[in-house]
Amino acid sequence: MKKHECALFDLDGVIVDTAKYHFLAWKKIASNFKYNLTHEDNELLKGVSRIESLKIILKLANKSLDEVLFEKILIQKNKDYLNFIQNITPEDILPGISEALFYLKKKQIKIGLGSASKNAKIVLDLLELTSYFEVIIDGNNINRSKPDPEVFLRGSSALGIAPDKCLVFEDSASGILAAKTAGMTAVAIGSPDTFLKEDFCYPNFLTFFKGDLHQLF
Ligand code: B16
Ligand code: MG
């Protein structure tokens, strides 16, 4: 297997299961439009920015909103999301992540975060993981949402590592496409029928940590 010099982690759904809180917050918003947001719908929202997510939900619900209400709903969604995550602690770090970060750091592999979330730094701080990341690229410093490769290309360039030496961990179909468009190795965490074009797929991060991690770095 090819060896990599850089690991770029997605946040929500890879490092911590905050994806469920995004889902709950959007489900509440969708119910206001009398739309029952399903888990299947939610796959379309993973890795996608807050604004794009609301646009997708409005399309699903066949609704349109004026700009003022659109903004109000974005604020409400984030309020609800922040409420959900306020009590997360290092115990919420998904299995295998802390061990992998420790292993990569020891091997002097560059570590970066590539998240669509504007709340990424808050979450990393709550998990007490911030110090592992040499570079954090999140929703505050990108112009284009995944599947655009911008988030990962910015990460690799800030770390000074060529894209083909970077490996991305992702739980979203849009994130896997972003990684592949960036010319990186894409490791999908989740069920294989969720993704297109991934290089590897594991049901959870622990399986990857116990298996192929050591071959890929
Ligand atoms: P926020 P990731 C993404 O994070 C989530 O998967 C997606 O569901 C969310 O809409 C997006 O962040 C924006 O999050 O509202 O916190 O800015 O998976 O790219 O780490
Ligand atoms: Mg994710």
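A crossing counts as right-handed if the near helix is turned clockwise from the far one by less than a right angle. Keep that in mind as you open this predicted model.

**Stop one: H1 and H4.** Select residues 19-32 for helix H1 and residues 67-85 for helix H4. Their axes come within 9 Å and cross at roughly 140°, which makes H1 oblique to H4. Look at the handedness too: the H1 and H4 crossing is right-handed. Now show side chains. On the H1 side, pick out Tyr21, His22, Leu24, Ala25, Trp26, Lys28 and Ile29; they meet Ile73, Leu74, Gln76, Lys77, Asp80, Tyr81, Phe84 and Ile85 in H4. Colour this H1–H4 contact by residue type and you get 10 nonpolar, 2 polar and 3 charged.

**Stop two: H3 against H4.** The crossing of H3 and H4 is right-handed. Zoom in on Arg50, Ile51, Leu54, Lys55 and Leu58 of H3, which meet Phe70, Ile73, Leu74, Lys77 and Asn78 of H4. By type, the H3–H4 contact splits into 6 nonpolar, 1 polar and 3 charged residues.

**Stop three: ligand 1.** Arg50 turns up again here: 17 residues surround ligand 1, and Asp12, Arg50, Ser117, Lys118 and Asn119 are the closest. The side chain of Asp12 has an N or O atom 2.7 Å from an oxygen atom of ligand 1. For Ser115, a side-chain N or O atom sits 2.7 Å from a ligand 1 oxygen. Finish at Leu45, where a backbone N or O atom lies 3.4 Å from an oxygen atom of ligand 1.

Terms used. Residues numbered from 1 in each chain as written. Chains lettered and ligands numbered in written order. Predicted model: local features only at pLDDT ≥ 70, side-chain atom pairs only at ≥ 80, totals over all residues. Heavy atoms only, no water. Axes fitted to C-alpha atoms, helices over the stretch in contact; angles between N-to-C directions. Helix = DSSP H or I, 4+ residues; strand = E, 2+ residues; numbered from the N terminus. Parallel < 35°, antiparallel > 145°, perpendicular 65-115°, else oblique. Contact = heavy atoms within 4.5 Å. Nonpolar A, V, L, I, M, F, W, Y, C, P; charged D, E, K, R; others polar. Near = heavy atom within 4 Å. Polar contact = N/O pair within 3.5 Å; in protein donor to acceptor, adjacent residues only side chain to side chain.
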